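The following report walks through a protein structure step by step, looking at single residues and at the way parts of the chain pack together. Please keep the sequence and the structure in view while reading.

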Amino acid sequence: MLVDGSVPKVRDVVSGGEHVAFRPPPAPTEAVAAEPLPLSVVHEDNDLLVIDKPSGRVVHPAAGHRSGTVLNALLHHCPQLEALPRGGIVHRLDKETSGLMAVAKTRRAHQSLVEQLQARTVKRRYLALVCGRLIAGGEVNAPIGRHSHDRKRMAVRDGGKTAVTRYRIARRFSAHTLLNVDLETGRTHQIRVHLAHIGHPVFGDPVYGGRFRAVAGVAPQVQDELRAFGRQALHAAELSLSHPDTREACSWRAEPPDDLRRLLELIERIESGDG
């Protein structure tokens, strides 16, 4: 629910005349079938589940993806999640983005995680390989909304929702930069949109990255290896939050998946002159 375009806090008081936008609840989770799919569990207790999502897997069933999703796998792993909104999933990753996701296992935990996300106290750090050579870290503070012509895309635009992305350099290459990216907000496609907005799209991003950028001086077969990566080079590497029951500060880390690790090794070979 939004009140005058913003997520309300419990203590907010309305005076009348506000514009309230309400999204109908999702279809009952009972309609989603449990499926015995691989699920990489990083942490699990009575209240909380943290998983490492592979690239290529959709989080929620939708048109064209009625099965094979993270939710299908979660319901098989933990059937009681069918009683929770969205199966306990409180934040999402794009289909081709890999990495850490938190899932609530109880209603109390679900409420706690939603409140932490609204308060922006959940910390999410991503590893992103971008096109071009950045000189220094920085911040992108630019509103994001639906693209004016393509409703499947997002864009930096007036009237969009507040979005803040901070990044710092992990490693520079001659034609690429590896970044650590921190989200203050969690808008759809935020990292991809913001980095493209400053002229450094995420490597391999088919939506916001434009055409493949050939690397000067690199052999054609190596260019083909780079082009074959096939997804945005974006990985949710670190997740920090307060445990919904104990309030203890918790942090988890997931190493880059094999395809991203091989891509980085290929770029390192190019840098060393072996490409």
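Val59 is placed in the loop between strand 4 (48-53) and helix 1, in a model that is predicted. With a relative accessibility of 3%, Val59 counts as buried, because buried means under 20% relative accessible area. Leaving out residues up to four places away in sequence, Val59 touches Lys53, Thr69, Val70, Leu71, Ile89, Arg92, Leu93 and Met101. Val59 and Asn72 are 13 residues apart along the chain, and their C-alpha atoms are separated by 8.8 Å.

Two residues of another loop can be read together. His91 lies in the loop between helix 1 and strand 5, and Arg86 has its place in the loop between helix 1 (70-77) and strand 5 (98-104). His91 counts as buried at 8% relative accessibility, whereas Arg86 is partly exposed, with a relative accessible area of 32%. Apart from neighbours within four places in sequence, His91 is in contact with Leu100, Met101, Ala102, Leu117 and Arg124.

His189 is found in the loop between strand 11 and helix 3 (190-197), and with a relative accessible area of 17% His189 is buried. Asn180 has its place in strand 11 (residues 176-183), and at 16% relative accessibility Asn180 counts as buried. When neighbours within four places in sequence are set aside, Asn180 is in contact with Arg125, Tyr126, Leu127, Arg166, Tyr167, Arg168 and Ala170.

How are two packed helices described? They are described by the angle between their axes and the distance between the axes. Helix 4 (residues 220-227) and helix 5 (residues 258-272) pack at an angle of about 155 degrees, and their axes are 10 Å apart. That angle makes helix 4 roughly antiparallel to helix 5, because angles over 145 degrees count as roughly antiparallel. The crossing of helix 4 and helix 5 is left-handed. On the side of helix 4, the residues that meet helix 5 are Val222, Glu225 and Leu226, while helix 5 contributes Leu263, Leu266, Ile267, Arg269 and Ile270. Sorted by class, this contact of helix 4 with helix 5 holds six nonpolar residues, no polar residues and two charged residues.

Leu263, which is found in helix 5, counts as buried at 4% relative accessibility. Leu263 and Glu225 are 38 residues apart in sequence and 8.5 Å apart in space, from C-alpha to C-alpha. Beyond its neighbours within four places in sequence, Leu263 is in contact with Leu129, Phe203, Leu226, Phe229 and Ala233.

Asp259 also has its place in helix 5, but at 22% relative accessibility Asp259 counts as partly exposed. Not counting residues up to four places away in sequence, Asp259 touches Ser55, Phe229 and Arg231. Asp259 and Asp45 are 214 residues apart along the chain, and their C-alpha atoms are separated by 30 Å.

The table gathers the accessibility of some of these residues.

| Residue | Relative accessibility | Class |
|---|---|---|
| Val59 | 3% | buried |
| Leu263 | 4% | buried |
| His91 | 8% | buried |
| Asn180 | 16% | buried |
| Asp259 | 22% | partly exposed |

Which residues touch the most other members of the largest nonpolar core? In this core of 48 residues, they are Leu129 and Leu263. Leu129 touches Phe173, His176, Thr177, Leu178, Pro201, Val202, Phe203, Ala233, Leu263, Leu264 and Ile267, again not counting residues up to four places away in sequence. A second, separate core has 14 residues, including Val50, Leu100, Ala109 and Leu239. As a general background, nonpolar side chains tend to be buried together in soluble globular proteins.

Technical notes: Residues numbered from 1 in each chain as written. Predicted model: local features only at pLDDT ≥ 70, side-chain atom pairs only at ≥ 80, totals over all residues. Heavy atoms only, no water. Axes fitted to C-alpha atoms, helices over the stretch in contact; angles between N-to-C directions. Helix = DSSP H or I, 4+ residues; strand = E, 2+ residues; numbered from the N terminus. Parallel < 35°, antiparallel > 145°, perpendicular 65-115°, else oblique. Left-handed = near helix turned anticlockwise from the far one by under 90°. Contact = heavy atoms within 4.5 Å. Nonpolar A, V, L, I, M, F, W, Y, C, P; charged D, E, K, R; others polar. Core = buried A, V, L, I, M, F, W, Y, C linked by side-chain atoms within 4.5 Å. Buried < 20%, exposed > 50% of the residue type's maximum accessible area, 1.4 Å probe, protein only.
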